[in-house]
Amino acid sequence: MSRVVVIGAGVGGMSAAARLAKIGHSVTVFESSDQVGGKCRTEWIGDYAFDTGPTLLTLPAVYRDFFLKTGDALDTVLDLERVDPSFDYRFVDGSRVQFANLSRYETLNQIGRFFGSQSRDDWNQLMLRAEKMWDASREPFIESELRSLSSLMKNHNFFHDLRTIAPWKSLHSLTRQITKDYRLQYIADRYATYSGSDPRKAPAALLSIAYVEEAFGAWHVKGGLGELAKAIHNRAIELGVKFHLGVKVREISENGRQVTGLVLEDGTVIPSEIIIANADASQVYTTLIKSDLHILRKPRKSLNRTTPSFGGFSLFLGVKKRADAQKINHHTILFPEDYDAEFDAIFTRREPAESPTIYICAPQDARMVKEGGGQNWSVLVNAPLHSSSGAGWDWGDKEFAKSYSEKIIDQIESRGISIRSQGELLEIRTPADLQRTTLSPGGSIYGTSSNGARAAFLRTQNRSPLSGLFCVGGSAHPGGGLPLVGISAEIVANAVGPA
Ligand SMILES: Cc1cc2nc3c(=O)[nH]c(=O)nc-3n(C[C@H](O)[C@H](O)[C@H](O)COP(=O)(O)OP(=O)(O)OC[C@H]3O[C@@H](n4cnc5c(N)ncnc54)[C@H](O)[C@@H]3O)c2cc1C
């Protein structure tokens, strides 16, 4: 039986650990925090539970596959709920549209009713293209190890698929080619933010996320998305995986060709020839591996050429229970007047946007509120990464965070949603908090962004040139977000193979 060690108990690390235990490995996980789940957590604050990380599960098949392949089916351990409407999109000109979950027909009806027949036809065109992109990219770009462009070129459909995916085109330019309705452009552009990217730099292929969300649905996990992390943790324990919480890994040791083990923060040496790193890839290659090995020049160079995903500024609000309390849909998006200005602020000037897109998540889930409580709203806006040395925004400034939260609340109220008269709890979280709790560099939400036509090829590969080292999670291939992180765990488990 081989001994596998995992650095980090995020969703990717734990999923890989459970899959590897299932195929006969003896697996031990070292996690620096005193909790498992990494970014995927549900936290009780007062009478309310908040998803402090993911609030939406798409492509649940990834986790259905995980639970089935490692034991009992997902439905025996989690209660998934369809969210309908999937999204309520609101615009500054007062127009609004609600997308139906799992029904293009109904979504097109809604678009036709509120934006007109041309817009309805445009959205259909966008989804037809998105579906083709998903079909072309799913197997070679997402579900397999992505090694190089030349390996992809051996595929006999390569040139046909290339035309569909159009890697030379940005998401922003593709959407503008298909529709003149700025509202549909904004809705489509927003899918770039599912990987923390700028739609003007992210490849057009990210439109496929819109198709995935429509075809496989938008889901809530009853009790909060953190229940998914807990269920994966439980499954790993059932399979014999050992967890050491509150234990930070300081170093990955190697002999020039092959990993030899871990050195923990207190100096303890853990020998192992198979290491799964769920820590951010930049930490793996710049901090944990100390030596300047020639074979690591390529992954290090690629990392330097990637742009990290942006961070998130969150407000967690407890809203009083009142007879006249306004109900808002589970996922509400308040678009600003100028969407591009948000990306200029975050990526170019590295400062918080004056008028960012505001996402309000208001789950109607009795398990997330104590008896007699009102509603729990999580408000999330995209934000520049934390840095106290000028490379980002200094989110350590608590006074600024407070005044920025007031600005966001003003903007929500100006759109007719009252908070101040109803709120009884407000907790602020910045990218600096995410960095502290999950060691994510600068508080990046999704690892590396998809900015740039070559982003997928620059993202850290699952199999390192250093033999025995594998990278899993949002900063590794195929990228961030729960579905991709779950896929990366499957790719890594397959790459390691049975004991
Ligand atoms: C605010 C927010 C909103 C999001 N919304 C969504 C959403 O709606 N839908 C969606 O699908 N995704 C969403 N995501 C993204 C999703 O949460 C992540 O992609 C996913 O949870 C990352 O999993 P991971 O496996 O990469 O590990 P991470 O969650 O990054 O965990 C890595 C773990 O490794 C540990 N670690 C790091 N270094 C060391 C070390 N040296 N020693 C020991 N342990 C270490 C960390 O403490 C951490 O627990 C969101 C994330 C955030 C923060």
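**Close-up views of a predicted model**

**View 1. Residues around the ligand.** Of the 35 residues around the ligand, G12, E31, K39, G474 and L482 come nearest; a residue counts as near if one of its heavy atoms lies within 4 Å of the molecule. The model is predicted: local features need pLDDT of at least 70 and side-chain atom pairs count only at pLDDT 80 or more, while totals for chains, interfaces and linings use all residues. Residues are numbered from 1 along each chain as its sequence is written, and side-chain values use heavy atoms, with hydrogens and water left out. By class, the shell holds 16 nonpolar, 16 polar and 3 charged residues. Here Ala, Val, Leu, Ile, Met, Phe, Trp, Tyr, Cys and Pro are nonpolar, Asp, Glu, Lys and Arg are charged, and the others, Gly among them, are polar.

View 2. A polar side-chain atom of Q283 is 2.9 Å from a ligand nitrogen atom. A polar backbone atom of G474 lies 2.8 Å from an oxygen atom of the ligand, and a backbone N or O atom of L482 is 2.7 Å from a ligand oxygen atom. Taken alone, the ligand exposes 1,000 Å², of which the protein buries 95%; accessible areas come from the Shrake-Rupley method with a 1.4 Å probe, and for residues only the protein chains shown count as cover.

View 3. Helix 1, strand 2 (26-31), helix 15 (431-438) and helix 17 (482-496) each give at least two residues to the shell. The largest share, 3 residues, comes from helix 17. Helices (H or I, at least four residues) and strands (E, at least two) are DSSP runs, numbered from the N terminus.

View 4. Helix 1 (residues 11-22) has 12 residues and reaches 16 Å from its first C-alpha to its last, close to the 16 Å expected at 1.5 Å a residue; the expected span is 1.5 Å times one less than the number of residues. In this helix, 11 of the 12 residues are buried, where buried means under 20% relative accessible area, exposed over 50%, and partly exposed in between (1.4 Å probe, protein chains only). A18 is found in helix 1 and counts as buried because its relative accessibility is 0%. A18 touches F66, T70, A236, L239 and V241, not counting residues up to four places away in sequence; contact means heavy atoms within 4.5 Å. Just after the helix, G24 takes a positive phi of about 100°.

**View 5. Helix 8 and its cap.** Helix 8 (residues 182-189) is largely enclosed by the rest of the structure, because 7 of its 8 residues are buried. Cover for its buried residues includes strand 7 (87-90), strand 8 (96-99), helix 3 (104-115), helix 4 (117-143), helix 7 (171-178) and helix 13 (339-349). At the N-terminal end, D181 caps the helix, with a side-chain oxygen 2.9 Å from the backbone nitrogen of R183.

**View 6. S387 in its loop.** S387 lies in the loop between strand 18 (375-383) and helix 14 (398-414). Its relative accessibility is 12%, so S387 counts as buried. The side chain of S387 reaches the backbone nitrogen of S389 at 3.0 Å, and a polar atom of that side chain lies 3.2 Å from the backbone nitrogen of A391.

Note on methods: Polar contact = N/O pair within 3.5 Å; in protein donor to acceptor, adjacent residues only side chain to side chain.
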